[in-house]
Amino acid sequence: MSKLRMAYLALALWGAIHPTYYFVSYMQETGTGLGGLIDAWYVNASTTGLTWDLTIAAIALTLWILAEIYVRRNYVALIAIPATFCIGVSCGLPLYLFLRTRPIE
């Protein structure tokens with residue numbers, strides 16, 4: 001595996017673990033669960049702007065993945081879409097780059 005692919009994989013793992021730690025910590029502290037976490041994303045203009053920024057980036061990434069899947073037939077890379085929306089762009093993007101750069105047989 002190339003150093004670049006290892007870097008993508010490391011970023012995908014970091015992008016999954018680090019944000020999730022904070023999300024779970026917040027939900028445990030407040031006891032509000034996922035609904036409370038989502039409400040917190042819209043608590044002020046700053047967090048709302050960041051939420052929309054990441055949502056638009058996730059949609060753009062999804063369109064790119066779908067377009068690439070259509071051309072490259074690398075269907076394994078579709079796993080990056082649920083990773084993007086369930087975990088975040090910080091996991092989905094490097095995961096997709098990791099999967100995109102693998103040798104296709």
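**Exercise 1.** Classify Trp-64 and Tyr-96 by relative accessibility, and describe the ring pair they form.

Solution. Trp-64 has 34% relative accessibility and therefore counts as partly exposed (buried is under 20% relative accessible area, exposed over 50%, partly exposed in between; 1.4 Å probe, protein chains only). Tyr-96, at 1%, counts as buried. This is a predicted model: local features need pLDDT of at least 70, side-chain atom pairs count only at pLDDT 80 or more, and totals for chains, interfaces and linings use all residues. Residues are numbered from 1 along each chain as its sequence is written, and side-chain values use heavy atoms, leaving out hydrogens and water.

Next, the geometry: the rings of Trp-64 and Tyr-96 are edge-to-face, 5.1 Å centre to centre with 70 degrees between the planes (rings of Phe, Tyr and Trp, the last by its six-membered ring, pair if their centres lie within 6.5 Å; planes under 30 degrees apart are stacked, over 60 edge-to-face, the rest tilted). Last, the location: Trp-64 lies in helix H3 and Tyr-96 in helix H5, so the pair ties together parts 32 residues apart in sequence (helices are DSSP runs of H or I, at least four residues, numbered from the N terminus).

**Exercise 2.** Which residues does Ala-80 contact, leaving aside neighbours within four places in sequence?

Solution. Ala-80 is in contact with Ile-65, Gly-92, Leu-95 and Tyr-96 (contact: heavy atoms within 4.5 Å).

**Exercise 3.** Over which rings do Arg-5 and Arg-73 lie?

Solution. Arg-5 lies over the face of Phe-98, 4.1 Å from the ring centre (NZ of Lys or CZ of Arg within 6 Å of the ring centre and within 35 degrees of the ring normal). Arg-73 lies over the face of Tyr-70, at 5.4 Å from the ring centre.

Technical notes. Helices (H or I, at least four residues) and strands (E, at least two) are DSSP runs, numbered from the N terminus.
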